[in-house]
Amino acid sequence: MWKVAFFKRKKTSKPFKEFYNEWFATLAATLLPSLRHALSPVFLSPVILSTQVELMHHHFRSYYDALDQAAAADVAQCLNPEWRNSIERSFLWLGDLHPYLFTNLIRSFLADQEPPVDENVTKFLDKSWHVVMAWKNPSKTLTSRVDKIECGLRLMVPALASRWRNAQSAFVENLGRCDKAAIGEILAAEMEDMVGVFVDANRLRRSILADILSATDLYQAALFLEALAEFLVGFKDQKLLNEFEKCKIAIN
């Protein structure tokens with residue numbers, strides 16, 4: 001009985017799977033189209049674009065806040081999220097997207113340097129001059145900030161991974177050694193350590209995202225968030241998912 005009581009010691013008002021589905025639907029059906037709309041040359045306005053960037057960033061922050069709460073209630077469900085499909089699980093680290101995904105994405109913008117575009121040519125494109133030129137010749141200040149963000153990640157990721165391994169080891173060791181009278185209290189403490197690592201991993205993800213957005217200008221931030229949202233929405237592409245499942249079957 002103590003096992004049931006321990007692993008179900010907390011309950012959330014709404015299952016996280018339900019929250020995630022609603023969160024994802026808002027991202028795909030509302031926020032991403034609105035951001036694209038704000039980036040279009042017909043409707044481009046710095047004020048409107050800034051609002052859409054902030055709304056998108058707030059949406060990601062709200063997700064990680066909710067994930068922290070879900071982990072406090074049941075960290076096991078967050079580490080093995082049933083609301084994620086097989087493609088999404090390939091990109092998970094400590095329950096969610098690896099923070100390197102954020103830096104790799106911004107690096108793709110820094111590396112994708114094409115020849116300069118004539119301002120007159122943009123009249124025939126579906127993007128404004130500001131959007132087309134957003135990532136042309138990025139400043140040394142920006143590249144230096146990205147270097148520092150990556151440097152911090154190289155320190156933090158191994159440290160969190162080490163803490164997680166230690167927490168797992170302690171949990172398993174105590175599970176086999178404790179007597180029934182003390183096991184609930186001891187394992188509860190070990191679970192709290194695991195929750196702490198999970199929450200710190202989310203804090204790192206939030207921090208990296210915020211650092212990237214603070215390092216970029218309005219148009220760069222908008223294009224970065226658009227690409228990040230498109231990346232996440234792409235996980236749900238049924239054709240891609242079917243092909244991925246076929247590959248898994250072939251390998252097995």
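Is Glu 88 buried or exposed? Point 2 takes this up.

1. Basis. This is a predicted model, in which local features need pLDDT of at least 70, side-chain atom pairs count only at pLDDT 80 or more, and totals for chains, interfaces and linings use all residues. Residues are numbered from 1 along each chain as its sequence is written, and side-chain values use heavy atoms, with hydrogens and water left out.

2. Glu 88. The residue is buried, with a relative accessible area of 1% (buried is under 20%, exposed over 50%, partly exposed in between, with a 1.4 Å probe and protein chains only). Glu 88 sits in helix α5, residues 86–89 (helices are DSSP runs of H or I with at least four residues, strands are runs of E with at least two, and both are numbered from the N terminus). Its side chain reaches the backbone nitrogen of Asn 85 at 2.8 Å. Setting aside residues up to four places away in sequence, Glu 88 touches Tyr 20, Trp 83, Phe 235 and Lys 236 (contact means heavy atoms within 4.5 Å).

3. The cavity. The count comes to 1 cavity of 30 Å³ or more, and the largest cavity holds about 70 Å³ of space. A cavity here is a set of points, on a 1 Å grid over the protein atoms alone, where a 1.4 Å probe fits but cannot get out; lining residues have an atom within 4 Å of a point. Grid points are joined across faces, edges and corners, and the volume is the space filled by probe spheres set on the points.

4. The lining. Residues lining the largest cavity include Tyr 20, Trp 23, Phe 24, Arg 84, Glu 88, Asp 96 and Leu 232. The elements giving two or more residues to this lining are α2 (16–39), α3 (46–73) and β2 (96–97). By class, the lining has 8 nonpolar, no polar and 3 charged residues (Ala, Val, Leu, Ile, Met, Phe, Trp, Tyr, Cys and Pro count as nonpolar, Asp, Glu, Lys and Arg as charged, the others, Gly among them, as polar).

5. Salt bridges. How many salt bridges does the structure hold? There are 12, a salt bridge being a side-chain nitrogen of Lys or Arg within 4 Å of a carboxyl oxygen of Asp or Glu. One of them joins Asp 68 and Arg 206, with the closest N and O atoms 3.0 Å apart. That pair links distant parts of the chain, with Asp 68 in helix α3 and Arg 206 in helix α9 (residues 180–215), 138 residues apart. Asp 68 counts as buried at 14% relative accessibility. Salt bridges that share partners also join Arg 84, Glu 88, Asp 96 and Lys 236 into one network.

6. Glu 230. This residue forms a salt bridge with Arg 36, the closest N and O atoms being 3.0 Å apart. The two come from distant parts of the chain: Glu 230 from helix α10 (residues 218–234) and Arg 36 from helix α2, 194 residues apart. Both ends are partly exposed, Glu 230 at 34% and Arg 36 at 39%. Leaving out neighbours within four places in sequence, Glu 230 is in contact with Leu 32 and Arg 36.

7. Arg 61 and Glu 54. Their side chains meet in a salt bridge at 3.2 Å, N to O. Arg 61 counts as partly exposed at 28% relative accessibility, and Glu 54 as partly exposed at 41%.

Definitions and conventions: On a 1 Å grid over the protein atoms alone, a cavity is a set of points where a 1.4 Å probe fits but cannot get out, and a pocket is an open set with protein on both sides within 12 Å along at least five of seven lines; lining residues have an atom within 4 Å of a point. A polar contact is a pair of N or O atoms within 3.5 Å; within protein, one must be able to donate a hydrogen and the other to accept it, and residues adjacent in sequence count only if both atoms are side-chain atoms.
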